[in-house]
Amino acid sequence: MRLDPTAKITNKERWGGYHLLILESPDIAREAVPGQFLMIRVAYGSRPLLRRPFGVHSRSDGSLGIFFKIEGEGTNLLAGKNPGETLDLIGPLGKGFNLGLGEEGEAHSGAPALVVGGGRGIAPLAFLAAEMRKNGRTVKILYGGRSRTDIPLKDRLKAEGGDLVCATDDGSFGFSGLVTDLLDKEIQKSPASAVYACGPEPMLETVNRIAAAAGLPCELSLEARMGCGFGACWGCVRRIRKNGAESWVKICEDGPVFSGGDVVWTVKG
Amino acid sequence: MTVRSAVDLSVDLGFLRLKNPVLAASGTFGYGPEFEPFLDPGRLGGFVVKGLHFDPRPGNPPPRLAETPSGLINAVGLQGVGVASFCEKTLPRLRGYKTAVIVNVCGADTEEYVRVVEYLDGHEGIAAYELNISCPNVKAGGACPAQSPAATRKVVAAVKKRSRRPVITKLSPNVTDVAAVAAAAEEAGTDAVSLVNTFLAMAVDVETRRPKVANVYGGLSGPAIRPIALRMVHQTASRVRIPVIGLGGIATASDALEFLIAGARAVQVGTAGLVDPRAALDIIDGLEEYCRRHSLQRLSEICGTIDVR
Ligand SMILES: Cc1cc2nc3c(=O)[nH]c(=O)nc-3n(C[C@H](O)[C@H](O)[C@H](O)COP(=O)(O)OP(=O)(O)OC[C@H]3O[C@@H](n4cnc5c(N)ncnc54)[C@H](O)[C@@H]3O)c2cc1C
Ligand SMILES: Cc1cc2nc3c(=O)[nH]c(=O)nc-3n(C[C@H](O)[C@H](O)[C@H](O)COP(=O)(O)O)c2cc1C
Ligand code: FES
């Protein structure tokens, strides 16, 4: 974890409301593992005041990619940055995915790891898939969005040589329906070794249920509003089960990736 | 190479000498080690540990944070590890820091403040206590002892009677006359006051019609509160003799200077450090630069020098 106040933007791409920025930051890039994130200062004044969190989307030669969707003021400002400008980053933060999840199981060995991304949730999963493939693991990406414009990375992910199946809620591309319905179908059809997911909350809850029913280990990347990203403010908690007891756990430090079975979806009392 | 004469940034609070007047504020600096990747804590004047109750506390449900223009609303609810775990697991590490470690003490009632202080008194490595009688996030509606001079007097007197260490009382801005509360704390024997804690505040998500923090109300901090905090520090410093530690929205050396000139003897940096973990160091460097520019040998010369003619 370190501060890089002057990471240079070297490239930028855009698909409607989705943006990709490549940032030169050799030290952070070297340390980053899939599932970790960066806290980026989008303005030097105090509007907006807080940094914004973004998962590491790609890495190559001392550079990191972030892929994001415009949601409000901060992401809008970030989308306006151009190559040549610099950004102030803190990273890599949090704990990443377990790249070997489900590989121990004899029954499933060799079966692909299913990587399920909804909308901008694909961001950290692209890095995860790339690293798993580098390790020789078979990966199948299930990429869903509301419409074909919400799955802008489909051609690129395909070109990167992986197994990719897309789903759109409106049926404008690929499987017609929710990406979780697609996951259900894939699991019925052929064996899998593990499930990794990132996306909207209801999607994650369903992914977790499907994986659990199929007896597959599952890791989810969660989100919360973050004040600092490095464990100092206790603002980013989620209800997590640890050694049988439930508590509010900082997702910036103990997450953002959690084992699906440890996430408490409805808090009682 | 130009030889530059040393500027003396140190401040004497009477009960405690600080190498410079910049402290990290409670709740925004974690327990301390969280900032090790970014700075050498030994460069700070000191830091205030996150609020400690006697027992571990679960804290409030999320969402706990909401951003507002130049501000942050938090309703963390003092989630924390409790004194025993702090003394066993964290304090030994803090003893290696070459800076003043101040512990923010919380309590549900007077007895708990006293119990926390008595427990901490049995451990080395703490320079002073900061009594957090002003957290708006624990009781319904944000009530706390710092909202009444009588309740303030009671807690401060009880703690002062037992504590073997200096006590700084942290005041709430959610009052009509903060100087009156400060005066009550002074009468009860506090060694200093620090102000302000956060302003009780609210934000609404208009799409869902729900409050943006689950606790409904939270505490507002950050640059948005600075002018009001400054006014309160000035009022307080004009009223009491004990040192006043100013905070609220300080993000730059110029912000810190406003508080020092208005009468604060030291300052704390809170929210700014969450955004830029090195903010306190930049402020210290900026204060030194200011002294050179104004040919001041000692920064403390400017404390309370505001000219209000
Ligand atoms: C660990 C982590 C990794 C993330 N990675 C990515 C990523 O790779 N790509 C990407 O596009 N987005 C990512 N996000 C979400 C992204 O940080 C938010 O969309 C962004 O902070 C919104 O800022 P804004 O100023 O544009 O929107 P705001 O105006 O602040 O808010 C707009 C809307 O977004 C919601 N929102 C704001 N902050 C967050 C947040 N931290 N988490 C969830 N919802 C939020 C608000 O409730 C509001 O509804 C990640 C979030 C976390 C916690
Ligand atoms: C996330 C957060 C947690 C806080 N926790 C505490 C605390 O435990 N004890 C305390 O006395 N003040 C706490 N505060 C208040 C700050 O110490 C400070 O008084 C306030 O934020 C105003 O200063 P600032 O504008 O520089 O942040 C907290 C503030 C924030 C933002
Ligand atoms: S964002 Fe501050 S503790 Fe997690």
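User: Why is L87(A) called buried?

Analyst: Buried means a relative accessible area under 20%, exposed means over 50%, and partly exposed is in between (1.4 Å probe, protein chains only). L87(A) has a relative accessible area of 1%, so it is buried. The residue belongs to strand β7 (residues 86-93) of chain A. Helices (H or I, at least four residues) and strands (E, at least two) are DSSP runs, numbered from the N terminus.

User: On what kind of model does this rest?

Analyst: This is a predicted model, in which local features need pLDDT of at least 70 and side-chain atom pairs count only at pLDDT 80 or more, while totals for chains, interfaces and linings use all residues. Residues are numbered from 1 along each chain as its sequence is written, chains are lettered from A and ligands numbered from 1 in the order in which they are written, and side-chain values use heavy atoms, with hydrogens and water left out.

User: Which residues is L87(A) in contact with, leaving aside neighbours within four places in sequence?

Analyst: Contact means heavy atoms within 4.5 Å. By that rule the partners of L87(A) include D4(A), P5(A), I9(A), L21(A), I40(A) and L78(A). D4(A) is 83 residues from L87(A) along the chain, and their C-alpha atoms are separated by 8.2 Å.

User: What makes D61(A) and N243(A) exposed?

Analyst: D61(A) has a relative accessible area of 79%, so it counts as exposed. N243(A) is at 85% and therefore counts as exposed too. D61(A) sits in the loop between β5 (58-60) and β6 (63-69) of chain A, and N243(A) in the loop between β14 (237-242) and β15 (245-250) of that chain.

User: What is the phi of each of these two residues?

Analyst: For D61(A), which is not a glycine, phi is positive, near 40 degrees. N243(A) is not a glycine either, and its phi is positive at about 45 degrees. Most residues other than glycine have a negative phi, and most peptide bonds are trans.

User: Where are the cis peptide bonds that you can describe?

Analyst: One joins G255(A) and P256(A), with omega about 5 degrees. P256(A) is in the loop between α7 (251-254) and β16 (257-259) of chain A. Another runs from L195(B) to V196(B), with omega near 15 degrees. V196(B) is in the loop between β10 (192-195) and β11 (199-201) of chain B.

User: How do you know that the radius of gyration of chain A agrees with a compact globule?

Analyst: The radius is taken over C-alpha atoms, and the globule rule is 2.2 Å times the number of residues to the power 0.38. For 269 residues a compact globule would be near 18 Å, and chain A has 18 Å, so the two agree. The C-alpha trace spans about 50 × 45 × 35 Å along the principal axes in chain A, and about 60 × 50 × 45 Å in chain B.

User: What share of each chain is buried?

Analyst: In chain A, 55% of the 269 residues are buried. In chain B, 60% of the 309 residues are buried. Chain A has seven helices and 16 strands, and chain B has eight helices and 16 strands.

User: What makes a set of residues a nonpolar core?

Analyst: Such a core is a set of buried Ala, Val, Leu, Ile, Met, Phe, Trp, Tyr and Cys residues joined through side-chain atoms within 4.5 Å. The largest core here has 131 residues, and V195(A), F86(B), L120(B) and L287(B) touch the most other members. Helix α8 (residues 279-293) of chain B gives the largest share of this core, eight residues. A second, separate core has 27 residues, including F67(A), L128(A), Y143(A) and L153(A).

User: Which residues does L287(B) contact, leaving aside neighbours within four places in sequence?

Analyst: Among them are L9(B), P21(B), A253(B), A256(B), L257(B) and L260(B). A253(B), A256(B), L257(B) and L260(B) are among the buried residues of helix α6 (residues 253-261) of chain B. The cover over the buried residues of α6(B) includes α5 (226-239), β15 (244-246), β16 (266-269) and α8 of chain B. Just after α6(B), G263(B) has a positive phi of about 125 degrees.
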